[in-house]
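The report below is meant to be read alongside the sequence and the model. Please keep both in view while reading.

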Amino acid sequence: NKKTFISLGLAVGSVVSADNRAIGSKVHLNDSNNNIKYYNSVQQFARLSYADIPLMVGTTIGKKISLQAGVQASVLLKQKSSSTIERYDFQLNRELGLPVNVTALPGGSTEAYPVAARKIDYRFVAGVGYTINKTSLYLNYQYAPERPVKGSNVTGSNNQLVAVGVQFQLK
């Protein structure tokens with residue numbers, strides 16, 4: 001017999017490894033002595049922690065198995081990122097290392113690009129569950145249609161992950 005249900009949940013401390021990087025600013029130097037055309041200040045996002053709030057619709061198949069699908073708002077709680085500087089020569093090749101005096105060079109024009117992790121990462125969720133008494137084990141696939149980092153010069157992928165969860169029925 002089939003049974004349809006709606007569930008709302010909360011999971012705190014959902015950690016996602018991010019592979020997104022973004023250019024925060026670009027400084028045009030045109031320094032022919034050090035062969036630097038410009039350098040970029042790059043921010044690398046390594047780890048994002050969320051509170052997940054899923055809203056799911058499901059149906060039971062048999063007595064113990066259920067299928068579910070829905071949407072999820074993942075609210076950013078904490079982020080871990082680092083900054084680096086990349087220099088480019090006049091052939092637009094990325095060069096390793098920086099000259100010692102790069103900060104002392106006369107400044108050229110600077111382009112700033114706002115970059116930040118999204119405060120809310122919206123995701124589509126689909127999964128399967130197995131119920132024993134009032135406890136359910138779930139395996140879900142989550143897909144975010146947008147990258148977790150916003151900005152005009154962002155590279156990396158959208159959040160896609162497989163999550164395992166336990167749900168306890170209260171009544």
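Predicted model: local features only at pLDDT ≥ 70, side-chain atom pairs only at ≥ 80, totals over all residues.

Residues are numbered from 1 along each chain as its sequence is written, and side-chain values use heavy atoms, with hydrogens and water left out.

The average pLDDT of the chain (the predictor's confidence in each residue, from 0 to 100) is 85, and 92% of the residues score at least 70. Strands, labelled E, are DSSP runs of at least two residues, numbered from the N terminus.

**Strand E9 and its partners**

Strands pair if DSSP finds at least two bridges between them. E8 and E9 run antiparallel and are joined by nine bridges, with Val125 standing opposite Gln142 in E9. E9 also pairs with strand E12 (residues 160-168) in the antiparallel sense, over nine bridges, and Gln160 in E12 is the bridge partner of Tyr143. E8 and E9 form a hairpin with two residues between them. Asn133, in the turn, has a positive phi of about 55° and is exposed, with a relative accessible area of 72%; exposed means over 50%, buried under 20%, and partly exposed in between (1.4 Å probe, protein chains only). Leu92, in the loop between strand E4 (65-88) and E5, likewise has a positive phi, of about 65°, although Leu92 is not a glycine. Most residues other than glycine have a negative phi.

In a regular strand the side chains alternate between the two faces of the sheet. The covered face of E9 holds Ser136, Tyr138, Asn140 and Gln142, whereas the uncovered one holds Thr135, Leu137, Leu139, Tyr141 and Tyr143. Asn140 is buried, with a relative accessible area of 15%. Leaving aside neighbours within four places in sequence, Asn140 is in contact (heavy atoms within 4.5 Å) with residues including Gln68, Val125, Val128 and Leu161.

**Ser74 and polar contacts**

Ser74 lies in strand E4 and counts as buried, at 0% relative accessibility. Not counting residues up to four places away in sequence, Ser74 touches several residues, among them Tyr50, Asp52, Lys119 and Arg123.

| Side chain | Partner side chain | Distance |
|---|---|---|
| Ser74 | Gln72 | 3.1 Å |
| Ser74 | Arg123 | 3.4 Å |
| Asn140 | Gln68 | 3.3 Å |

**The nonpolar core**

A nonpolar core is a set of buried Ala, Val, Leu, Ile, Met, Phe, Trp, Tyr and Cys residues joined through side-chain atoms within 4.5 Å. The largest one here has eleven residues, namely Val16, Ala18, Ala22, Phe45, Leu48, Tyr50, Leu76, Ala117, Val149, Val154 and Leu161. The elements that give two or more residues to this core are strand E2 (11-31) and strand E3 (36-61). Ala117 is in contact with Phe45, Leu48, Leu76, Gln79, Pro148 and Val149, leaving aside neighbours within four places in sequence. In soluble globular proteins, nonpolar side chains tend to be buried together.

Notes. Polar contact = N/O pair within 3.5 Å; in protein donor to acceptor, adjacent residues only side chain to side chain. Helix = DSSP H or I, 4+ residues; strand = E, 2+ residues; numbered from the N terminus.
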